[in-house]
Protein chains: 2
Amino acid sequence: MAIDQTIGMQSIQFQNSPYIISSASVVGPKEGEGPLGEYFDLVAPDAGLGEQTWEQAESTMQKEALQTAMEKAKLTLPQIRYLFGGDLLAQLIATSFGNGETNIPLFGLYGACSTCGESLALAAMIVAGGYADYAAALTSSHFGSAEKEFRFPLGYGNQRPLSATWTVTGSGAFILSAQKSHVRVCGVTPGRIVDMGVKDNMNMGACMAPAACDTIYQNFMDFNRQPQDYDRIVTGDLGTIGQKLLIQLLKEKGFDISQQHMDCGIEVYDAEKQDTHAGGSGCGCSAVVLAALILPKLRQGVWKRVLFVPTGALLSKVSFNEGRSIPGIAHAVVLEHC
Amino acid sequence: MAIDQTIGMQSIQFQNSPYIISSASVVGPKEGEGPLGEYFDLVAPDAGLGEQTWEQAESTMQKEALQTAMEKAKLTLPQIRYLFGGDLLAQLIATSFGNGETNIPLFGLYGACSTCGESLALAAMIVAGGYADYAAALTSSHFGSAEKEFRFPLGYGNQRPLSATWTVTGSGAFILSAQKSHVRVCGVTPGRIVDMGVKDNMNMGACMAPAACDTIYQNFMDFNRQPQDYDRIVTGDLGTIGQKLLIQLLKEKGFDISQQHMDCGIEVYDAEKQDTHAGGSGCGCSAVVLAALILPKLRQGVWKRVLFVPTGALLSKVSFNEGRSIPGIAHAVVLEHC
């Protein structure tokens, strides 16, 4: 019989924790100019990355991120057994066109900006289950392709309210394996859809905060933990407005995470200097901040345990135009120094 | 250490096969009038299912399919630990809005029409890995929402070439568990992207046949099997043109599957009477045919072993309008009577 690895209502605690043995981040020039600029593996001099379209540029970032992560781990493509990948675009075209040449069997994932968490959770479960020696998790977003997909053509030059976030042009890749490294995935709390009826696609933080609250609360319950059991609780892209909401929502449930909370969307830009309003967003946002900032701190042992919770707003232009709400989802991954 | 369950280049052979303990199919009126009409669990009298939009109608089919599958298995929502779900729409809105009320942690998946195979493969791996007592796989498609998403508004009344397929209005749900039943998932062969440069979105069979060939060939290699080791080799929605191509492509690789091959897209409609041209398609197509036709034959032992291979065309209107090709992907699941 299989080993029971379930814990609480919706979490997994691995009997044999898989490790993140390698990671890489590729970003555009705006992200390179931000406070984390020096920590990214590759900063493209141009957001077009020499391609004809924003979508192709995004695919190219995925290729570069995966290639860099593989090189760091001294692996070749055929050694990666399965790839868990996704992006924000309709029908995941950044992922489809970015990974055709790799020949790695692909599980296409969509969880909006939570996809980085979804891909890490599944890759970890698959490696810990003995289904792959090496699995890769890969996500991306691009400001140009995302604005086109969800909002207005860039040439239209619409004004953005202060609650809006700026989609990160970037891709993060992670290689998971049973092979020991200094960061392990100890557990996951896959999230459920939480819809509080918010309809404002220029305030994604408000759409996602209730889902982040739900997943973090469930993680505390399932693992029987308190906020201080984590050095950092890192959400994906709530931004400044979503951060306030999340802290308040969790306070109402009896948990104060104000000392531990960090948001990748707030970290990635200098909002004032870079005019990014509420912060960065996109499933590239949490991915590049994980690769560039969080994993190095864990590797060095500066942080011992981090709850990484990418957050997604399940928005489409069709549902938005039909007047539907924007449900949220968040997938949590427990990372530990070892 | 985890048990090594990998086999060959890209397959898994389960040490502890999970079982499909329950399934359900919900379809629209056109599918109800087709040759499999009497086998579906629920035939809606109207393709709108009483909803305001095609997208909401698709969400409602997902809800009904999951509910029906749960009732058959005598399960309640909280017993389903994880849901693996997807559809064809941008940002998976049929799935997001169909499953918010279930409160089941959701892994959103996108593999175009191959998503039924992707969801079954992951659900099987997660149950066999001891991560869930019960997991559900759920996919859907809808003729109205798909035409709007990928081609022309229905009101435009465009002519369809004979190579075109008709998107199935339907949803299929499957409950997987370690609890014994008469159909088990013995293995999976997750597929990789195959892009032969086909650009015709009115000939999806030609886009997907090379990917189906690649996955089936790899399954034969990894499991060291011949076509006659399967009672049926069932593709998702190649249709009549894709079927010819697949059989020819596999002949060129030394395998004749003409005796074993069946295609869900060909089975679901009476193409001549129902004017569906090359056949049915969509990630509801393979799902409802699996639930209504294939699983009952396996349960009864009429067929002992089936290779189920949903096929996907990784198309989006953005990539299509940018002149890109339509890559294919196919995920295979080995099903056995027991």
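Just after helix α4(A), Gly130(A) adopts a positive phi of about 80°. Helices (H or I, at least four residues) and strands (E, at least two) are DSSP runs, numbered from the N terminus. The model is predicted: local features need pLDDT of at least 70, side-chain atom pairs count only at pLDDT 80 or more, and totals for chains, interfaces and linings use all residues. Residues are numbered from 1 along each chain as its sequence is written, with chains lettered from A and ligands numbered from 1 in the order in which they are written.

Helix α4 of chain A covers residues 115-128; at 1.5 Å a residue its 14 residues should span 20 Å, in agreement with the 20 Å between its end C-alpha atoms. The expected span is 1.5 Å times one less than the number of residues. Of the 14 residues of α4(A), 14 are buried, so the helix is largely enclosed by the rest of the structure. A residue is buried if 20 or more other C-beta atoms, placed from the backbone, lie within 10 Å of its own.

Chain A is divided into domain 1 (6-177) and domain 2 (183-337), with bounds from an automatic or database domain assignment. The domain centres, taken over C-alpha atoms, are separated by 17 Å. The contact between them takes 59 residues from domain 1 and 62 residues from domain 2, two residues being in contact if their C-beta atoms, placed from the backbone, lie within 7 Å. On the domain 1 side, α4(A) gives the largest share, 8 residues. By class, this side has 29 nonpolar, 23 polar and 7 charged residues. Ala, Val, Leu, Ile, Met, Phe, Trp, Tyr, Cys and Pro count as nonpolar, Asp, Glu, Lys and Arg as charged, and the others, Gly among them, as polar.

Between the chains, 56 residues of chain B are in contact with 56 residues of chain A. The largest share of the chain B side, 5 residues, comes from α4(B). This side has 31 nonpolar, 17 polar and 8 charged residues. A rotation of 180° with 0.0 Å of shift along its axis superposes chain B on chain A (RMSD 0.0 Å), which is the relation of a two-fold axis. The superposition is by least squares on the C-alpha atoms of residues with pLDDT of at least 70 in both copies. The copies meet through the same surface, because 100% of the interface residues of chain B are also interface residues in chain A.

The largest nonpolar core has 240 residues; among those with the most contacts inside it are Ala123(A) and Ala136(B). Such a core is a set of buried Ala, Val, Leu, Ile, Met, Phe, Trp, Tyr and Cys residues joined through C-beta atoms within 7 Å.

Conventions: A residue is buried if 20 or more other C-beta atoms lie within 10 Å of its own, exposed if 12 or fewer, and partly exposed in between; C-beta atoms are placed from the backbone.
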